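Subject: Structure handover

Hello,

Here is the structure you asked for, with notes on what was found in it. Please have it open while you read.

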Amino acid sequence: MATYTLISSNVLSGSAASVTFSSIPSTYTDLVLKASARTDRADYEDYCYVRFNGDSSALYSLTDLKGQAGSASSTRFSSVTGDFFFYATASTATSNTFGSEEIYIPSYTVSQSKPFSLFTVSENNSSTNSTIDVNAGLYRSNTAISSITIQSYNSANFVSGSSFALYGISKN
Amino acid sequence: MLILLLEHLSHYTGLGENKVAATYEPIATTTLGSAASSITFSSIASTWTDLRLVLVGTNVSSGYMWILRLNSDSSSNYSNTRLYGTGASAGSGRSTSVTSAWIGDSNLNNSTTIPNLSTIDIFSYAGSTYKTLLSTSSTDLNGSGNVIGFVNLWRSTSAITTITLLNDGASNFAAGTTATLYGLKSA
């Protein structure tokens with residue numbers, strides 16, 4: 001039986017401060033969230049929070065690996081309030097360019113801490129403000145994930161044309 | 001990115017008027033009821049184009065790296081290039097003529113509540129050329145951990161029929177570790 005089933009998708013026809021996938025069924029094994037995003041922040045890029053179950057407590061942590069402006073770096077963030085390495089392009093970037101993101105969340109319903117991986121790119125033909133980023137994330141909650149929210153860390157809005165899709169993967 | 005989204009939409013059914021052939025099929029899954037030294041997927045059919053393997057779990061002992069072998073080959077037919085972030089520094093490394101493909105992190109802990117994640121893509125696994133594997137290892141322990149991207153090469157022209165997951169050392173996979181193999185078709 002085939003898997004990788006679309007649970008829900010949202011292509012913005014106007015601006016939005018956040019995007020939320022709620023009432024995520026518990027019938028899958030893993031989740032994959034894919035997005036193409038741009039915000040109206042007055043900069044080349046914007047970085048966005050990914051939060052689970054509306055939880056903004058310090059239960060997230062990240063090990064980050066980034067390539068930007070010709071250099072690579074790695075940073076660790078412990079006990080933070082969301083994964084904020086979801087990169088979107090922003091208003092100063094080349095027009096019609098969007099950041100691309102994939103978040104893989106295995107075993108999202110199990111009663112233990114949940115690792116996840118996030119891969120994001122923001123390429124807009126800029127020599128200094130394009131980014132490729134991959135990070136290992138951990139959500140230290142034993143609660144099944146039933147909602148995912150993405151919003152700008154800088155209080156900007158996603159613009160029209162930004163798209164988000166959530167897929168469920170079943171191992172059986 | 002919208003084009004990529006449409007391509008992924010083709011990977012499942014249930015789109016009403018836009019239904020397309022299904023792909024991304026689960027082949028087999030294993031969840032360990034007790035600690036084990038290895039997890040093996042055998043008799044893999046040549047039906048698909050690519051394979052994806054998802055491994056989530058922990059080791060009984062820390063400090064050992066996750067590896068895999070193809071068709072039980074433990075000869076020096078593997079090599080890899082890797083890009084890693086430790087949280088303090090970024091770097092790259094290369095290993096040639098090694099005895100396994102590297103898919104995980106040597107900093108794996110033995111916590112039963114903080115699992116590690118590795119995803120492995122194996123392209124054209126049934127073809128008659130050398131095999132490329134692309135994998136990502138995600139290990140964050142809220143104060144330590146690594147994120148690593150690997151590209152591995154298996155210098156064999158044989159179709160892959162067996163995949164064995166192991167630790168590079170004396171550790172076992174802990175109970176609760178889950179490995180799932182998926183097949184992806186190109187058409």
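To start inside chain A, Tyr49(A) stands opposite Gln151(A) in β11(A). Strands here are DSSP runs of E with at least two residues, numbered from the N terminus, and two strands pair if DSSP finds at least two bridges between them.

Before the rest, some conventions. This is a predicted model, in which local features need pLDDT of at least 70 and side-chain atom pairs count only at pLDDT 80 or more, while totals for chains, interfaces and linings use all residues. Residues are numbered from 1 along each chain as its sequence is written, chains are lettered from A and ligands numbered from 1 in the order in which they are written, and side-chain values use heavy atoms, with hydrogens and water left out.

**Sheets in chain A**

The β4 and β11 pair sits in an open, antiparallel sheet of four strands, in the order β2-β11-β4-β7 (chain A). Its edge strands, β2 (18–21) and β7 (83–89) of chain A, each pair on one side only. Neighbouring strands of this sheet are turned by 25° against each other on average, direction ignored (axes are lines fitted to C-alpha atoms, and angles run from 0 to 180 degrees between N-to-C directions).

An open sheet of eight strands, also with antiparallel pairing, has the order β1-β12-β3-β8-β9-β10-β5-β6 (chain A). At its edges stand β1 (5–11) and β6 (71–80) of chain A, each with a single partner strand, so one side of each has no neighbour in the sheet. From one strand to the next the twist averages 10°. Within this sheet, β5 (residues 60–68) and β10 (residues 131–139) of chain A pair in the antiparallel sense over nine bridges, and Ser61(A) stands opposite Leu138(A) in β10(A).

**Salt bridges**

Over all chains there are three salt bridges (a side-chain nitrogen of Lys or Arg within 4 Å of a carboxyl oxygen of Asp or Glu). One of them joins Glu102(A) and Lys34(A), with the closest N and O atoms 2.3 Å apart. This pair links strand β8 to strand β3 of chain A, the two residues being 68 residues apart.

**Interface of chains A and B**

How many residues of chain A are in contact with chain B? There are 45, facing 46 residues of chain B (contact means heavy atoms within 4.5 Å). The largest share of the chain A side, seven residues, comes from β6(A). That side divides into 19 nonpolar, 19 polar and seven charged residues (Ala, Val, Leu, Ile, Met, Phe, Trp, Tyr, Cys and Pro count as nonpolar, Asp, Glu, Lys and Arg as charged, and the others, Gly among them, as polar).

Regards
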